[in-house]
Amino acid sequence: MKKAIITSLTDDRPGVLASISASLFKCDCNLLEVSQTILGSEFAGIFIVSMPKELNEEELKKKLETDLRGENINIHVKPLKESKTFETPCDPFIVTTFGPDRKGLVSAVTSAIARHNSNVTNLKAFFHGGDNPRDNVMIYEIDIPKSENLKALSEDLNKLGEKFSLEINIQHKKIFDNITKI
Amino acid sequence: MLNDHEIYSTLDMLNNAHLDVRTVTLGISLFDCVSDNLDRFKSNIRKKINFYAKDLVNICNRTGEKYGIEVVNKRISISPIAVAAAPFQENEMVEIAKTLDEAAREVGVDFIGGFSALVEKGMTNSDRALIRSIPEALSSTQRVCASINVASTREGINMDAVNLMAKTIKQAAHKSADKDGLACAKICVFSNIPPDIPFMAGAYLGIGEPDAVINVGVSGPGVVKNEIEAALKNKNHGLDLGRIAELIKTTACKVTRVGELIGREVASELKIPFGVCDLSLAPTPTVGDSVGEIFQSLGLESIGLPGSTALLAMLNDAVKKGGAFASSHVGGLSGAFIPVSEDLNIARAAELGLLTLEKLEAMTCVCSVGLDMVAIPGDTSEEVLAGIIADEMAIGMINNKTTATRIIPVPGKGPGEQAFFGGLLGHAAIIDVKNRTGKNNFVKLGGRIPAPIHSLKN
């Protein structure tokens, strides 16, 4: 099966998903996986599809752009290779930060996580400014290989907390699941 | 992905409210260690305790680090020694206690419970030997805890055992007089003792239990207090006691879930079964980790004042309901403890005279245990002490619940003076006992108080 991954960006408004999915249907693509979010006022959608063999990715992009002309949607299509997933045995953790906004926070935290061979699987962050720490939050879901030294990662994150005046927590995801999901 | 509120509320519980796993208690059966040769018996129990418990502390610490939840205490409960060590005499029981103390020290646990006898209907020679050995055994060891079940709803109250325990407690206090009678802080007298308590000093491993089992004691008075205060602050209008009980229940449920998660992981690492989660609001002598503070959060000026029994009834029941919803294997005591010296706030109420022995006894009708860590004057007579124990046992027997006493007659000290036990055992003002040096011919009649009519269930 030939697969492609399609990303789309546009101003959010009612009917965006309807338009894109209708165009994919016209192009004889079958949706396999979809993720969408709204950041600020911008819609971002990622679609994994199976596509007709006779089309290549460039042709699919052109067809979609033609069909969606006037909707001001940025489309990008690339082939999806069957790649190996992160197969190392891992434990899921959640890293949260609260504190004042400044440039370089995401870069610093993700670099620390990467140094410990850990993988960010989900990230939510918002920085509204102001004094309330909960107006400036980063929530990372990360997979930490079982072979990694959790204490060392915690210490690295704590150092970042001191440097950036952030309250940083790292906690096993099962704790959140057990407390909040019954 | 978890939503923001779920993350914030969980972090608040973990970071601001002393949420920890109070104890992971490894139960070990000693029945296959039996021998009529003392040296062989001692060697057998030492080997068996070491076999199961050698990795307990490391695994608990590792699991605590992984989940960011500290396992504060690691402990061992064992089969009742009066049964496992049936052939031995009083002096040999002391030797066994010393071996248990040594075995506990070797594996790094702070307490080992099960220097116990079940005598609610009568005493065997070994039961008597064990009880008589308690003063020497507990004052010459650090880690050994004793619990004696003298009453049950099914069997009534063994008043001969009650009298013997009063005498034993007085002797234990005398033998540890230099430490304000500290040995008595390791002696519990029970009615309806559960076989799977993880909390000390009452823990022992019951006769129907597996060869080894992990029982977990989860605490969290600070968590409950914080939730109540936050709710009262944010939703002051319309938050009546029904909704507060619901809030306590929900909080207890969350806390129990965390305890069970940790307990199951430790059990899995040790490759032994998980037993029960005991959710008990067990305070420590630390600000913010107090059951007494919950009373103040709910509007009473102090624990011990009118309204305290009603409040405790609601608290105890809500905790049990939350625990039962969270886990299918809730056991032990599960409820609210009111140990006087171990709770700064309760100790203060006793010091101010707001909490009397009579009010404490009334409150034990609705709490999960009984007269716990209560310091009384050292000159309280054996007969009067037996009367206090008998009253507490009667509450348990008639109400089909566990009750217990952990009373310290502090040698050489009188009402209002302070007794210091140290560490988690804390300190407390000595509570007065009415007619404390008087006679009590009722308890001296001895024999058995028959089981109540509702014991006839078959």
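User: Which residues does B:Ser152 touch, not counting residues up to four places away in sequence?
Analyst: B:Ser152 touches B:Glu120, B:Ser191, B:Asn192 and B:Met397. Two residues are in contact if their C-beta atoms, placed from the backbone, lie within 7 Å. This is a predicted model, in which local features need pLDDT of at least 70 and side-chain atom pairs count only at pLDDT 80 or more, while totals for chains, interfaces and linings use all residues. Residues are numbered from 1 along each chain as its sequence is written, and chains are lettered from A and ligands numbered from 1 in the order in which they are written.

User: Where is B:Ser152 found, and is B:Ser152 buried or exposed?
Analyst: B:Ser152 is found in strand β5 (residues 144-152) of chain B. Helices (H or I, at least four residues) and strands (E, at least two) are DSSP runs, numbered from the N terminus. B:Ser152 counts as buried because it has 23 C-beta neighbours inside 10 Å. The term buried requires 20 or more other C-beta atoms within 10 Å of the residue's own, exposed means 12 or fewer, and partly exposed lies in between, with C-beta atoms placed from the backbone.

User: What separates the C-alpha atoms of B:Ser152 and B:Val119?
Analyst: The separation is 9.6 Å, for two residues 33 places apart along the chain.

User: Now B:Pro339. Where is B:Pro339 found, and what is B:Pro339 in contact with beyond four places in sequence?
Analyst: B:Pro339 is found in the loop between β10 and α12 (344-351) of chain B. Its contacts, leaving aside those neighbours, are B:Pro283, B:Asp372 and B:Met373. The C-alpha atoms of B:Pro339 and B:Met373 are separated by 5.1 Å, although the two residues are 34 apart along the chain. B:Pro339 is buried, with 25 other C-beta atoms within 10 Å.

User: Changing topic: which peptide bond is cis?
Analyst: The bond from B:Met200 to B:Ala201 is cis, with omega near 15 degrees. B:Ala201 lies in the loop between β7 (187-191) and β8 (212-218) of chain B. Most residues other than glycine have a negative phi, and most peptide bonds are trans.

User: What is phi of B:Ser334, and what is phi of B:Asn435?
Analyst: Phi of B:Ser334 is near 40 degrees, a positive value in a residue other than glycine. Phi of B:Asn435 is likewise positive, near 50 degrees.

User: Are they buried or exposed?
Analyst: B:Ser334 counts as buried, with 27 C-beta neighbours inside 10 Å, whereas B:Asn435 is exposed, with 11 other C-beta atoms within 10 Å. B:Ser334 is placed in the loop between α11 (308-326) and β10 (335-336) of chain B. The loop holding B:Asn435 runs between β14 (427-429) and α15 (441-444) of chain B.

User: On to helices. At what angle do α9(B) and α11(B) cross?
Analyst: Their axes cross at roughly 45 degrees and come within 7 Å. Axes are lines fitted to C-alpha atoms, for helices over the stretch in contact, and angles run from 0 to 180 degrees between N-to-C directions. That angle makes α9(B) oblique to α11(B). Angles under 35 degrees count as roughly parallel, over 145 as roughly antiparallel, 65 to 115 as roughly perpendicular and the rest as oblique.

User: How do the residues of this contact of α9(B) with α11(B) divide?
Analyst: They divide into 11 nonpolar, 5 polar and 4 charged. Ala, Val, Leu, Ile, Met, Phe, Trp, Tyr, Cys and Pro count as nonpolar, Asp, Glu, Lys and Arg as charged, and the others, Gly among them, as polar.

User: How many residues does each chain give to the contact between chain B and chain A?
Analyst: The contact takes 18 residues from chain B and 18 residues from chain A. On the side of chain B, the elements giving two or more residues are α1 (4-16), α3 (56-67) and α9 (241-270). The largest share, 7 residues, comes from α1(B). The side of chain B that touches chain A has 10 nonpolar, 3 polar and 5 charged residues.

User: How do α5 of chain A and α9(B) pack?
Analyst: Helix α5 (residues 173-180) of chain A packs against α9(B) at an angle of about 140 degrees, with the axes 8 Å apart. That makes α5(A) oblique to α9(B). Here A:Lys174, A:Ile175, A:Asn178 and A:Ile179 meet B:Lys254, B:Arg257, B:Val258 and B:Leu261.
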